[in-house]
Amino acid sequence: MNAPDPAWRRRLLMEALTMVAASAPAQTAWLKKYDVLTDEIALDFDHGFSMAEHLVEEGLLSLDSLPDLQLIDSIFDEMTRDESSDRWTIAALIDDAGWGQARELAQQVLARERADGMPPPDICVIR
């Protein structure tokens, strides 16, 4: 089986970042549209982030973006290890410091990569 095209992998990462960077109301609307839980935003980011180093090697992602992506990953990891489940609620999108920091970092990466302004991704949910 062939690996997905590098441009496709970059788009996957940029789409995931678009949802991390989105405002809390936009994130909430996206979650409701697809009837998925809040952690789907972090899971999608995780899938895209797993390809970041390869994208840098292929020249499709700036090396300068890697530390910000790693920090977003660390934020989500810390949120996952937190015993309280309230960090993964719709309300947390609005007032949780981790979500706010991840949002700002994602906005910076999208601007650096000239990928800001992308529409929210369409996803296919298999149940």
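**Before you start**

The model is predicted: local features need pLDDT of at least 70, side-chain atom pairs count only at pLDDT 80 or more, and totals for chains, interfaces and linings use all residues. Residues are numbered from 1 along each chain as its sequence is written, and side-chain values use heavy atoms, with hydrogens and water left out.

**Stop 1: the whole chain**

Show the protein chain as a cartoon. You will find seven helices and zero strands, where helices (H or I, at least four residues) and strands (E, at least two) are DSSP runs, numbered from the N terminus. The pattern along the sequence is α-α-α-α-α-α-α. The chain is as compact as a globular protein of its length, because its radius of gyration of 14 Å is close to the 14 Å that the globule rule gives for 127 residues. That radius is taken over C-alpha atoms, and the rule is 2.2 Å times the number of residues to the power 0.38.

Now show the C-alpha atoms: they fill a box of roughly 40 × 30 × 30 Å, taken along the principal axes. The accessible surface comes to about 7400 Å², computed by the Shrake-Rupley method with a 1.4 Å probe. Carbon and sulfur atoms account for 53% of this surface.

How many of the 127 residues count as buried? The share is 43%, with buried meaning under 20% relative accessible area, exposed over 50%, and partly exposed in between (1.4 Å probe, protein chains only).

**Stop 2: Phe45**

Select Phe45, which lies in helix α3. Is Phe45 buried or exposed? Phe45 is buried, with a relative accessible area of 1%. Show its surroundings too: leaving aside neighbours within four places in sequence, Phe45 is in contact (heavy atoms within 4.5 Å) with Ala16, Leu17, Val20, Leu69, Ile72, Asp73 and Phe76.

**Stop 3: Ser50**

Move on to Ser50, in the loop between α3 and α4 (52-57). Ser50 counts as exposed, at 53% relative accessibility.

**Stop 4: two positive phi angles**

Select Asp35, in the loop between α2 (24-34) and α3. Asp35 is not a glycine, yet its phi is positive, at about 55°. This residue is exposed, with a relative accessible area of 57%.

Then select Arg114, in the segment after α7 (97-112). Arg114 also has a positive phi of about 55° without being a glycine, and it counts as exposed at 78% relative accessibility.

**Stop 5: the largest pocket**

Finish by selecting Leu12, Glu15, Ala16, Met19, Asp44, His47, Pro121, Asp122, Ile123 and Cys124, which line the largest pocket. On a 1 Å grid over the protein atoms alone, a pocket is an open set of points where a 1.4 Å probe fits, with protein on both sides within 12 Å along at least five of seven lines; lining residues have an atom within 4 Å of a point. The space in this pocket is about 180 Å³, a volume being the space filled by probe spheres set on the points.

Which helix gives the most to the lining? The answer is α1, with four residues.
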